[in-house]
Structures are given as C-alpha cells and as structure tokens.
Amino acid sequence: MCGIVGYIGEKNAAEILVAGLEKLEYRGYDSAGIAVYDGASLSVRKELGRLKNLEEALSKSPLTGNAGIGHTRWATHGMPSTKNSHPHTSMDGKFAVVHNGIIENYGELREALTNKGCVFTSETDTEVIPHLIDYHYENNGGDFLRAVKSAIVSLTGSFAIGILCKDFPDTLIAVRKDSPLIVGLGKGENFIASDIPAILSETRDVLFLDDGEIAVITKDGVSITALDGNPVIRDVHRVTFNENAAQKGGFEHFMIKEIHEQPKAVADTLRGRLSLSAPVKFDGIEPEILKDIDKIHIIACGSAYHAGLVGKTAIERLAKIPVSVELSSEYRYNNPLTDSKTLVIAISQSGETADTLAGMRLAKSLGARVLAITNVVGSTVAREASGVFYTYAGPEISVASTKAYATQLVAIYLFAVFAAEVLGRTSPEELYTIKSELLNIPELIKQTISTEAEIAALSKKIYKETDMYYLGRGLDYAVAMEGSLKLKEISYIHSETYAGGELKHGPIALIEDKTVVLAISCDKDLCGKMESNIKEVITRGAFVVLLANDATKPMHAEFSEVITVPETLPLLTPLSAVAALQLLAYYVAKNLGYDIDKPRNLAKSVTVE
Ligand code: M6R
C-alpha cells in the first residue's frame, strides 16, 4: 500500500513532503519520491529503499518550490526500482502524478498510448495516467481540469491520485476512487494525503473525498466536484486523535486495524482477476502452467500453510487434481515425489521465508514448475518462481497474520477456479455460482467483523484459561488451525486443534469440567457429525463456544456461547469464518494486556531455517 502527500502554499514544499512521508513510514514501502514545481519546471527526485536515501539525495541536490507531491511506494506493478517509483511524469515533464491503487486496464491504455507515440519509462500501471492526461490536455486546448476528467473516465480500477501541471503552478488536483484521499486545510496553504498522519503536524482540519470526486486545490481554497461537474459541499472534519493513533487509523493495534482492512484487501485481490463474464485471470500465468501436470504440491509455513490446506480442498474439488500440502520445513527433508509433472505452489506473505525458499529451490531442481503466491512484489520467492500471483493485502505490520491470510485464501480459490476453467473439470454453472459468491465475500467479511462487540464480550469469559481446544471437520478443521495459531501467538494460551472425528481416538481424555472448546461448524454437510463431537465434549463438562452460521446453527442443540457468521457456500466458509477467530484471539490477548503487534519470540519474516 502506497502513501501520498501533497502541498501547495508558501513554505518549502520538499520539506513538508518529506516530513509527511516520514509519518507514513510505518506502512512499509520500497521506494519514495517527490516532484516540486521550482518556478520553471516540475523537478523530480526518487530513490529506491528507505526515505533516508531520498533525504540524502535532496540534501545533495535540493528542490525548492512551494507546490509539490510525494509518494512512498509498495510495489504492485513492476519491481521496486527508482524508475518504477513515483512521481511519474508525462513525456515532456508537464505533468507529474502520484497514485495509490491499481489501474486494471493499464495494459490496453499503455498499448493505445504507445501507438500514439508515447514512450514509457517504467513498468508501472501508474505511468499511463500522466501520459493520458497529457494527451487530453493537448486535445482540450490546455484545460488542466478537463484533461484530468477526460483521463480518469478511461481508468478502471482503484485510484487516489495527486497531479501537478507545470502550466498551472498554483493548482494541485486530487482524484479519488476506491482508495482513500483527504484534503488538509491550512491558512494560505493546503494539503492532500492518503492518510491523516502525513499532514497531522500541519493541520487537523480535513475534508474526506468520496469516490468519483475531484478536488482542485490552491493555496487559498479547495473546490470539490463530482465527475459530472456538480459541485460537492463537504463538512470540515476536525481530527482529534494523536499521531500515533492516527498511524493505526484510530485503532489501538495494527492487528485490529488489519482485521478491519480485510474486506478491502480481499476486494483488491479479486479486482481485475475475477468477473462473471470471463475466465479467471491469474495475472501473467498462462494455462500452459497446467499442461501435463498430474499433481500439485503446496508448500508454506504458519498461516500460509493453513491457507494451503484450504487450497487442497478447493483445488481437488474444482480442478480434480491431487494436491498434497506440506510445511516447507518438512517438505525439504521428505524426499518429495516432485517431478516435471508436478506444479509446486509456494505461499508466503513476505516472500522471504527461508524454508519456503529452500523448498522452492528443491522443487525446481527436481524439475517442477513453481508458482508463487506472495504479498511482496520483487521478494525472493516472487523472483525465483516460474510464475507469481500477488495478493494485494498491502503491508501487514502486525506479526500475527490476518489480512494476508485472507488474501492467500482468495488467491488459492482463484487458482482453483482458474485450473477448473482451464481443465474443464467443473461445470460452468457451478463455477458461476462460486464466482458470484466470491465477489460477495468482502461484504460477508464485513458482516463477520460487525460481530466484534459480541466477540469482545465473549473474550472476557475465557481469557483467563490456560488451555483451549479447537475442533472442526473438513474446511472448518483448517480454519480451526488458523484460529488456534492466532490465539497461541498473541495470547500465549496453550491451544490445540483436532479434527472432530479424531477426538475419541485420544484427545477427549483432555476434556474436563469447564475446558474451553471452540467448535467450528460452518459446513452444513458436516454439521450433523460435528454435533456428535460437540455432545461428546459437553457430556464431559466442556464450555463450548460454537462458531456457526444460519444454516448450521439449528443443527446444534447445546452450546455455552455462539458466534454467528454469515452463511456462504460450504467451499468458501473459511473466508466468512476466520475473521471471527482472529477477533477472538485479539480480544483475549488484549484482556491479558500483551504486546499484540509484537508477540514474544516471534518475527514478522522468518528468514532463518
Ligand atoms: O511470510 P510467510 O507467509 O512465509 O510467513 C509464514 C509464517 O511465518 C507466518 O504465517 C506466521 O505463522 C504468522 N506469524 C502467522 O500469524
């Protein structure tokens, strides 16, 4: 997720932009840049890596001027590099643009603009924007606002954009669609930012732009219009929270912020890949990747491994290819039966997990094709794979994975549908139903998150426990594992997961009076069997927290507490259920007063074997 800041006023723009970008550092980024109007032209400085690299470049060769835009980039299209970092400019340098989001149709636009003579200097989706504005500017008699409007109606996807034009040094234009953007109000100066912290040391008065709105900003005023040209009157919002809270968007911890970001992260990961009218687009991955493949091995660690377990069911059910899922650290030493007819899917949020990398390298040496699912563009996993599918969760800061896991699930479901479509192994009608429901998933996750207050109340009843057991069958078992891992990681409560049917083969000996059991029962085909398992533990005195939906709840006669999540297709239930378990772990840990974002002994990226 990138960050935007913009300034127009009488002060030194470069200083304000860099100070604003510093406030966005917590989001994570791979490069940063600014463009400033220096009285004659738009001068650009950009550097790969930390902000201090940009600061050093600016100290050697300062930019002076009173209007500018700045950006921290988290790569999505094109590797992290200086040429791919923002701002991007039109060919003659007349326009400079910073952009957050994804331009889905950039491929077509790039081709059309190239045919008109545009020369692109980066691999980004963003670069089409300044060229497109420039094209319309030339054809609109030099009208800055009209050129911007004409350009943005051709863009599909999500965007927050800040634009400067050399011919209009007193004007900064900002546009928003599906990506946050605010205008900060000062005296004789105004600002734009993707996040409040970027401008909080300068002003607390902000205007929130809505989708499809364009703000024309000068140092003395702001006018907002909708795309159709109608003026928009927006109330000024006074920010009351401090900078630290602002970085967390007003949330107490990054983990809870990231739980709340899941509907957007999932929608971003689906966007441009899934539609009802066309086969799934699995980024640059061609159907040939499945040619002659007779099995799939998924390798991953931690939460990514749990996503892989869901992937096994989804792929086997839809694409009818046998799938095995292995912990990367085990796969490496198991003399795997991987060969040239194997597709290995490596799942890794960070793209740097040592065991997963080693597993990939082994798979390649055995002749397999390797597909990576990762959240970090340009990561080692991404670079070494034969094909890569990016999740668009944005930077995940909390050690406990939440939104990255949800987007890994989405990625693997998309792969299952992609493979089913390529191989023709599931009827188009069934795939249509699954695709429609996948498009609805962001809304369902929102509904699950809306039960937060009830889950917080429930956490108060169980947070002092020393042991908890998670039970589930089928996909509920995979989700139970993820819920249990979350609890362990941040609350340090001992917890284990069992498949419902395994209870009587040993673990039931652990159940005694008031033992807390989380019973996940979201699959209506399996809830009858789960009911028997729940009865087995209730009979032994367990305190059962049932996680169910409207289809499965009626099947359960007895439980101590219930968390209700929205109903969805049995194959997709992990997507609607997991946020409830994340919330439960979060509130249990919060009651215990632990350092939730940085749990003891754990690191965000495990680069050692
Ligand atoms: O970056 P990766 O997805 O490869 O990381 C894998 C695990 O280390 C990670 O999922 C870990 O289990 C998380 N802390 C889970 O919350």
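Reply: A polar contact is a pair of N or O atoms within 3.5 Å; within protein, one must be able to donate a hydrogen and the other to accept it, and residues adjacent in sequence count only if both atoms are side-chain atoms. This is a predicted model, in which local features need pLDDT of at least 70 and side-chain atom pairs count only at pLDDT 80 or more, while totals for chains, interfaces and linings use all residues. Residues are numbered from 1 along each chain as its sequence is written, and side-chain values use heavy atoms, with hydrogens and water left out.

Me: Which residues come nearest to the ligand?

Reply: A residue is near a molecule if one of its heavy atoms lies within 4 Å of it. Of the 16 residues around the ligand, the nearest are Ser 348, Gln 349, Ser 350, Thr 353 and Glu 489. Ser 348 has a side-chain N or O atom 2.6 Å from an oxygen atom of the ligand, and Gln 349 places a backbone N or O atom 2.6 Å from a ligand oxygen. A polar backbone atom of Ser 401 is 2.8 Å from an oxygen atom of the ligand.

Me: At roughly what angle do the axes of helix 14 and helix 18 cross?

Reply: Helices (H or I, at least four residues) and strands (E, at least two) are DSSP runs, numbered from the N terminus; axes are lines fitted to C-alpha atoms, for helices over the stretch in contact, with angles from 0 to 180 degrees between N-to-C directions. The axes of helix 14 (residues 428-449) and helix 18 (residues 573-592) cross at roughly 25 degrees and come within 8 Å, so helix 14 is roughly parallel to helix 18 (under 35 degrees; over 145 is roughly antiparallel).

Me: Are helix 8 and helix 14 roughly parallel or roughly antiparallel?

Reply: The axes of helix 8 (residues 262-270) and helix 14 come within 8 Å and cross at roughly 175 degrees, and the two are therefore roughly antiparallel.

Me: How many nonpolar residues does the contact of helix 9 with helix 13 have?

Reply: The axes of helix 9 (residues 302-319) and helix 13 (residues 403-423) come within 9 Å and cross at roughly 20 degrees. Among the residues that meet are Val 310 and Ala 314 in helix 9, and Ile 412 and Ala 416 in helix 13. The contact has 17 nonpolar, four polar and no charged residues.

Me: Where in the backbone is the peptide bond cis?

Reply: Most residues other than glycine have a negative phi, and most peptide bonds are trans. Here the peptide bond from His 86 to Pro 87 is cis, with omega near 0 degrees, and Pro 87 lies in the loop between strand 4 (67-73) and strand 5 (88-89). Asn 335 is not a glycine, yet has a positive phi of about 45 degrees; Asn 335 sits in the loop between helix 10 (328-331) and strand 18 (342-348).

Technical notes:
Parallel < 35°, antiparallel > 145°, perpendicular 65-115°, else oblique. Contact = heavy atoms within 4.5 Å. Nonpolar A, V, L, I, M, F, W, Y, C, P; charged D, E, K, R; others polar.
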